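Dear colleague,

Please find below the structure that I am handing over to you. My notes on what was found in it follow directly after.

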Protein chains: 2
Amino acid sequence: MPHSSPTVGVVGAGQLGRMLHQAAIGIGVPLRFLADSPSDAAVQVAPAFEIGSARSAPDLARFASSCDIVTFEHELVDVEALEDLERIGAVLRPGPKTLRLVADKLGMRRGVGWAGLPVPPWKPAKTVEQVLEAVDEWPEAVLKPSRGGYDGRGVFTVSGRGEAAVVAERLLARRVPLLVEPRLDFELEAAVIAARSPSGEIVVYDPVATLQVDGQCRQVTAPAGLPEGMAAEIVAIARRAVAALDVVGLLAVEVFVVEGSVVVNELAVRPHNTGHHTIEGAVTSQFENHLRAVTDLPLGSTTLVVPAVAMVNLIGDADGTDPRGRLAGALALDRSAHVHLYGKESRPGRKIGHVTVCDADTVSATRRAWRMAAALGCQVPEEVAR
Amino acid sequence: MPHSSPTVGVVGAGQLGRMLHQAAIGIGVPLRFLADSPSDAAVQVAPAFEIGSARSAPDLARFASSCDIVTFEHELVDVEALEDLERIGAVLRPGPKTLRLVADKLGMRRGVGWAGLPVPPWKPAKTVEQVLEAVDEWPEAVLKPSRGGYDGRGVFTVSGRGEAAVVAERLLARRVPLLVEPRLDFELEAAVIAARSPSGEIVVYDPVATLQVDGQCRQVTAPAGLPEGMAAEIVAIARRAVAALDVVGLLAVEVFVVEGSVVVNELAVRPHNTGHHTIEGAVTSQFENHLRAVTDLPLGSTTLVVPAVAMVNLIGDADGTDPRGRLAGALALDRSAHVHLYGKESRPGRKIGHVTVCDADTVSATRRAWRMAAALGCQVPEEVAR
């Protein structure tokens, strides 16, 4: 047998799986993917996969039977099927109870509140009437279907009853309850990643500052430049949440700072876009720590190894430029930038890679990272365009 | 098409191929391996390979036809077959002329001397008589078959005519000429890696200090702690050699310092054990720079990102301990050590992985790295045992 390490099954085979595989090669953990298609980003670079759907109970059962431990690259899974599998002995990390909570924005808000963590004001709505009641209280509101959205797909800002009624009717036609909250005028957005192993060990990365445009993460910088007390508060929130939600693996917590106070916006229980900078920027990457956690190995140091690091996403531009054709020109511009390409065709708005730059401060690192994104022919949002 | 990048074929699929694949995933270069066996270290983690021999002309021809660029993980290749393939248009990086020179220790010595670089005294020997003539001059001598050895396999130290005659007769029975040289009392061993692209761009990593035991690399540290002039001289040697030998890809140069002077001992034109520390210790790893070079992308910065780094090889111990069974215990000892496992069964004397530790100085880094090796149940040579 070439391996004595347990085989870790990864449900989903996108770029997160691809980067998990890179980390897995290092520490010798064999991975196996449940992929939608043989052209998925992770399947392009890994030898072991099955084609199947994360929403199909038979596919999940077949997949689980071929792995020692099953983990997840996204939350769009058939949680009931996972509950059945856990009952018959499958090792699922994180477990279905945690996945159920996080896959449903309403459940997540309840769970976070139950754990004593600060959340923004919110209301559940199953009918247009309930949405309108909320909008009477918060005329500038955000409607989010409680399940199925990610990356800003599924975040709808409305202004006033008229617009709210139209959007609510359309969204509720899908029979998924909505989360309604006031549009928050936050001072800044930040995020933090924690890892927890089955034996209860917890490590937390330094919080990062994030820039989201239309609900999509565009830029991450560390250190976050927060007041010391606030950074400690965010770390404490992550530490409490990862234990309260019984997470095994990674937990990413996205927060807003509103009027000087931290509130939890979103949770994810998997490697997260706000942790890609840890590949070059931290002693142990989020991907390696996810694998260490799900295989119950001691967790690695989360310390930053550089004074500052910036990560920007490569998002396909409207003109369809393929950044792979511009790689040589871009790499010539900056010999210390780290370009990550996911093997995906460029399409407008699609995440096809990221660039990480380490530097003496986040201002220089960010400027250099966006210069690379521009040289690669990718979208540079107005918010950062020089 | 999922990829617009050229497919790079790698002849050989051991741990160097495995680590090349890790780097290739990052920058989106698709690799394809020519492997001896489906259990090879690289094949365990990569989707595209063919089984075949690097010494078989038909296998090489078939393999080359399925790749855009062919590179090499070892030098034990049928160079004549490669010359034929190059003539009909195959893109081989490095080319067969370079491989021929480096695969033959006699050719290499001539090439290095021709490039005006310092070499130790040496003589070729095709007969026992020629060996004995050399031993008359150097009673403590080293005999090396000019082709086929690596990692100390193929280095024979002899003392006096009697022993020399016995060893020479045995070695010459294989009809491979020998390289004879005096046993050098070197003050230290060092190594340096350079990368060169087809367009002629060259970068050189900082020289490292190495510890070899029985001709096998056991420990690498950077910075090498050399006098400044000597480090600059070693870098200059690498820069001159990589151009003179028309290397495309990486060149590793192992040197001795004898009576204060640098002499070139060995060359390799591929990623090299003395460069594994660059994965965590340098801005761009040797593996990424090899891929950038062979695909003619601009080369990445070779600067160290940490004050000091130590790499020690994990070599199977006589008792057959599998380090994978001791991983949890070892990782608990040091949360910042980087353990790399190659997916190979542990056998006495076999390289099955390496550990890299970054620290404030090489003394601490080295001590911590050997502590991990010991905790993983691997050989710790007397030379470093505390």
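In this predicted model, chain A and chain B bury about 3,500 Å² between them, where buried area is the accessible area (1.4 Å probe) that two parts lose on being put together, summed over both. Of that area, 54% lies on carbon and sulfur atoms. A:Q22, A:I25 and A:R335 supply 18% of the area that chain A buries against chain B, more than any other three residues.

Regarding conventions, residues are numbered from 1 along each chain as its sequence is written, while chains are lettered from A and ligands numbered from 1 in the order in which they are written. Local features need pLDDT of at least 70, side-chain atom pairs count only at pLDDT 80 or more, and totals for chains, interfaces and linings use all residues; side-chain values use heavy atoms, with hydrogens and water left out.

Confidence

The average pLDDT (the predictor's confidence in each residue, from 0 to 100) of chain A is 94, and 97% of its residues score at least 70. For the complex, the predictor gives an ipTM of 0.94 and a pTM of 0.95.

The interface

Each side brings its own residues to the contact (heavy atoms within 4.5 Å): 42 residues from chain A and 42 residues from chain B. Between the two chains there are 13 residue pairs in polar contact, both residues being at pLDDT 80 or more. A polar contact is a pair of N or O atoms within 3.5 Å; within protein, one must be able to donate a hydrogen and the other to accept it, and residues adjacent in sequence count only if both atoms are side-chain atoms.

On the side of chain A that touches chain B, the elements that give two or more residues are α1 (15-27), α11 (327-333) and β16 (338-341) of chain A. Helices (H or I, at least four residues) and strands (E, at least two) are DSSP runs, numbered from the N terminus. The largest share, 6 residues, comes from α1(A). By type, this side of chain A divides into 20 nonpolar, 15 polar and 7 charged residues.

The same surface serves both copies, as 100% of the contact residues of chain A recur in chain B.

Salt bridges

Over all chains, the structure holds 42 salt bridges, each a side-chain nitrogen of Lys or Arg within 4 Å of a carboxyl oxygen of Asp or Glu. Between chain A and chain B the count is 2. A salt bridge joins the side chains of A:R335 and B:E201 (2.5 Å, N to O). Within chain A, A:E266 pairs with A:K144, the closest N and O atoms being 3.5 Å apart. A:E266 lies in strand β14 (residues 261-268) and A:K144 in strand β6 (residues 140-145) of chain A, so this pair ties together parts that are 122 residues apart in sequence.

Backbone points

The peptide bond from A:A222 to A:P223 is cis, with omega near -5°; A:P223 sits in the loop between β12 (216-222) and α8 (228-244) of chain A.

With kind regards

How values were computed: Nonpolar A, V, L, I, M, F, W, Y, C, P; charged D, E, K, R; others polar.
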